[in-house]
Amino acid sequence: MSTTLSAYKAIINKRSLDITETEDGYTVNGAALQPDILPMGDGYFHILLENKSYRAEVVKADATAKSFTFKINNKPYTVEVKDKFDLLLEKMGMNSASSGKINSLRAPMPGLIIDLKVKQGDAVKLNDPLLILEAMKMENILKSPGEGIVKTLKIKKGDSVEKNQVLIEFQD
């Protein structure tokens with residue numbers, strides 16, 4: 001029995017797959033797969049799977065949103081990945097993006113507001129950058145967890161904030 005290294009849920013062209021990475025390869029919805037993946041250059045790969053050859057190209061990659069677009073043998077595939085933390089939040093009913101509507105944005109950690117990307121009255125969509133929070137000498141871009149209109153900015157550039165402090169409120 002091989003050790004599980006990581007587990008994901010991938011939504012590929014709106015089809016959900018459970019993917020587990022093990023020492024021996026991968027399982028997809030319980031079926032063992034052992035692809036041979038060979039990088040061919042910047043964003044291009046050759047994949048050999050079950051005696052079939054595939055040419056893969058990474059068209060677009062948004063690691064922050066965990067969203068990717070690939071072309072496999074020139075056919076486009078959109079992939080959204082959920083890791084164990086996303087799955088846990090979803091299980092606990094805390095995935096605000098699924099509700100679409102947002103009420104507020106809170107500081108995920110203490111830090112310093114070094115830039116604001118929105119102002120009162122701005123309409124925002126999922127993953128739009130809202131502000132930059134410096135914490136532990138790193139700049140963190142906080143993105144919108146859903147759609148809404150900025151009602152109130154509770155902070156300004158240069159403010160120090162505490163964990164869970166409300167930063168932005170959105171209209172109902």
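1. In which strand does Ser16 lie? The model under review is a predicted one, and in it Ser16 belongs to strand β2, which covers residues 15–22. Ser16 has a relative accessibility of 39%, so it counts as partly exposed; the limits for that class are 20% and 50%. Leaving out residues up to four places away in sequence, Ser16 touches Lys9, Ala10, Ile11 and Asn29. Its C-alpha atom is separated by 21 Å from that of Asn127, a residue 111 places away along the chain.

2. Four strands make it up in the order β10-β17-β15-β12, and their pairing is antiparallel. At its edges stand β10 (104–106) and β12 (123–124), each of which pairs on one side only. Within this sheet, β15 (residues 148–153) and β17 (residues 166–170) are joined in the antiparallel sense over three bridges. Leu153 is found opposite Ile168 of β17.

3. Strand β11 (residues 111–116) runs antiparallel to β13, and four bridges join the two. Leu112 stands opposite Glu134 in β13.

4. The largest nonpolar core contains 16 residues. Leu105, Leu131, Leu167, Ile168 and Phe170 are those with the most contacts inside it. Strands β13 (129–135) and β17 each contribute at least two residues to this core. What does Leu167 touch, apart from residues up to four places away in sequence? Its contacts include Leu105 and Leu131, both named above among the core residues with the most contacts. Arg106, Ala107, Leu142, Thr152, Leu153, Lys154, Ile155 and Val161 are also touched by Leu167.

5. Ser144 is placed in the loop between β14 and β15. Is this residue, Ser144, buried or exposed? At 1% relative accessibility, Ser144 counts as buried, because the class requires a value under 20%. The side chain of Ser144 reaches the backbone oxygen of Gly146 at 2.4 Å. Not counting residues up to four places away in sequence, Ser144 touches Ile102, Val124, Lys125, Leu126, Asn127, Asp128 and Leu130.

6. Gln120 is situated in the loop between β11 and β12. Its relative accessibility is 60%, and Gln120 therefore counts as exposed. Neighbours within four places in sequence aside, Gln120 is in contact with Val150, Lys151 and Leu153. A polar atom of the Gln120 side chain lies 3.4 Å from the backbone oxygen of Lys151. Gln120 and Ile168 are 48 residues apart in sequence, yet their C-alpha atoms are 9.2 Å apart in space.

7. How many aromatic pairs does the structure hold? There is one aromatic pair. The centres of the rings of Phe68 and Phe70 are 6.3 Å apart and their planes lie at 25°, so this pair is stacked; planes under 30 degrees apart count as such. Phe70 has 26% relative accessibility and so counts as partly exposed.

Conventions: Residues numbered from 1 in each chain as written. Predicted model: local features only at pLDDT ≥ 70, side-chain atom pairs only at ≥ 80, totals over all residues. Heavy atoms only, no water. Pairing = 2+ DSSP bridges. Core = buried A, V, L, I, M, F, W, Y, C linked by side-chain atoms within 4.5 Å. Buried < 20%, exposed > 50% of the residue type's maximum accessible area, 1.4 Å probe, protein only. Contact = heavy atoms within 4.5 Å. Phe/Tyr/Trp six-rings, centres within 6.5 Å; stacked < 30°, edge-to-face > 60°. Polar contact = N/O pair within 3.5 Å; in protein donor to acceptor, adjacent residues only side chain to side chain.
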